[in-house]
Amino acid sequence: MTRKQRRLVLIGAAGGVLCLAAGLVLFALRDTIVFFYGPTEIAEKGVAPGTRMRLGGLVEEGSVARGPGQRVAFTITDSRTAMKVTYEGLLPDLFREGQGVVTEGVFQGGNQFRADTVLAKHDENYMPREVADTLKKQGHWQPGEAGASAPQAKPAPQASP
């Protein structure tokens, strides 16, 4: 074998080992790659109690109950299944009933979840007021588009010539 052939064999073998390693890592992480699971997915998978995971969905209307201190209990639903969540700490400003949330914590079995982190999701149609005003001025604004209910921003001061 020439030097060039040995080098190509070595590079090919190294590439094969890297592909195998990447495949093994992805196989091992197949269940944790998902950003969050909904209550129905957790119920269907038969997740073992004590499993650390992320739970996401909508905060059910009328389900938020504040306890002593910073303890809060609420229900997350995906319109098919509901799961009760308990959390102790400060909630994000965007947290409210009917709003999307992602919680991170421990599944406790049944329909109970103990969260140690709560992330509130804002509306994916959010648009800053300045962008909406610019679109209106250009005639590209469609009634009912995002940002229509955003609070009125103060106009920026104009530089004098």
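This is a predicted model: local features need pLDDT of at least 70, side-chain atom pairs count only at pLDDT 80 or more; totals for chains, interfaces and linings use all residues.
Student: What is the secondary structure of the protein chain, and in which order do the elements run?
Tutor: The chain has 3 helices and 6 strands. From the N terminus the order is α-α-β-β-β-β-β-β-α.

Student: Why is lysine 4 called exposed?
Tutor: Its relative accessibility is 61%. Exposed means over 50%. Lysine 4 therefore counts as exposed. It lies in helix α1, residues 3-28.

Student: What makes the surface patch around Lys4 positive?
Tutor: The patch is formed by Arg3, Lys4, Arg6 and Arg7. Lys and Arg count as positive, so the patch is called positive.

Student: How do you know that arginine 52 and glutamate 104 form a salt bridge?
Tutor: Their side chains meet at 3.8 Å, N to O. The cut-off is within 4 Å, so the pair qualifies. Arginine 52 is in strand β1 (residues 52-59) and glutamate 104 in strand β5 (residues 100-109), 52 residues apart.

Student: Is glutamate 104 buried, exposed or partly exposed, and what makes it so?
Tutor: Its relative accessible area is 27%. Buried needs under 20% and exposed over 50%. Glutamate 104 falls in between, so it is partly exposed.

Student: What about arginine 52: why is that residue called partly exposed?
Tutor: Arginine 52 has 46% relative accessibility.

Student: Which residues make up the network of salt bridges?
Tutor: Arg52, Arg54, Glu104 and Asp116 are linked in it.

Student: What makes glutamate 88 and arginine 71 a salt bridge?
Tutor: Their side chains meet at 2.9 Å, N to O. The limit is 4 Å, so the pair passes. The pair links distant parts of the chain: glutamate 88 in strand β4 (residues 82-88) and arginine 71 in strand β3 (residues 71-77), 17 residues apart.

Student: How many salt bridges does the whole structure hold?
Tutor: A search finds 5.

Student: What makes the phi of serine 79 worth a remark?
Tutor: Its phi is near 80°, a positive value in a residue other than glycine. Most residues other than glycine have a negative phi. Serine 79 lies in the loop between β3 and β4.

Student: Why is serine 79 called exposed?
Tutor: The relative accessible area of serine 79 is 70%. The label needs over 50%, so serine 79 is exposed.

Student: How much of the protein chain is buried, and how much area does the chain expose?
Tutor: Of its 161 residues, 26% count as buried. The chain exposes about 11500 Å², and carbon and sulfur atoms supply 59% of that area.

How values were computed:
Residues are numbered from 1 along each chain as its sequence is written. Side-chain values use heavy atoms; hydrogens and water are left out. Patches are made of residues with over 30% relative accessible area and no salt bridge: like charges are joined within 9 Å, nonpolar side chains (Val, Leu, Ile, Met, Phe, Trp, Tyr) within 5 Å. Accessible areas come from the Shrake-Rupley method with a 1.4 Å probe; for residues, only the protein chains shown count as cover. The place of a charge is taken as NZ of Lys, CZ of Arg, CG of Asp or CD of Glu. Helices (H or I, at least four residues) and strands (E, at least two) are DSSP runs, numbered from the N terminus. Buried means under 20% relative accessible area, exposed over 50%, partly exposed in between (1.4 Å probe, protein chains only).
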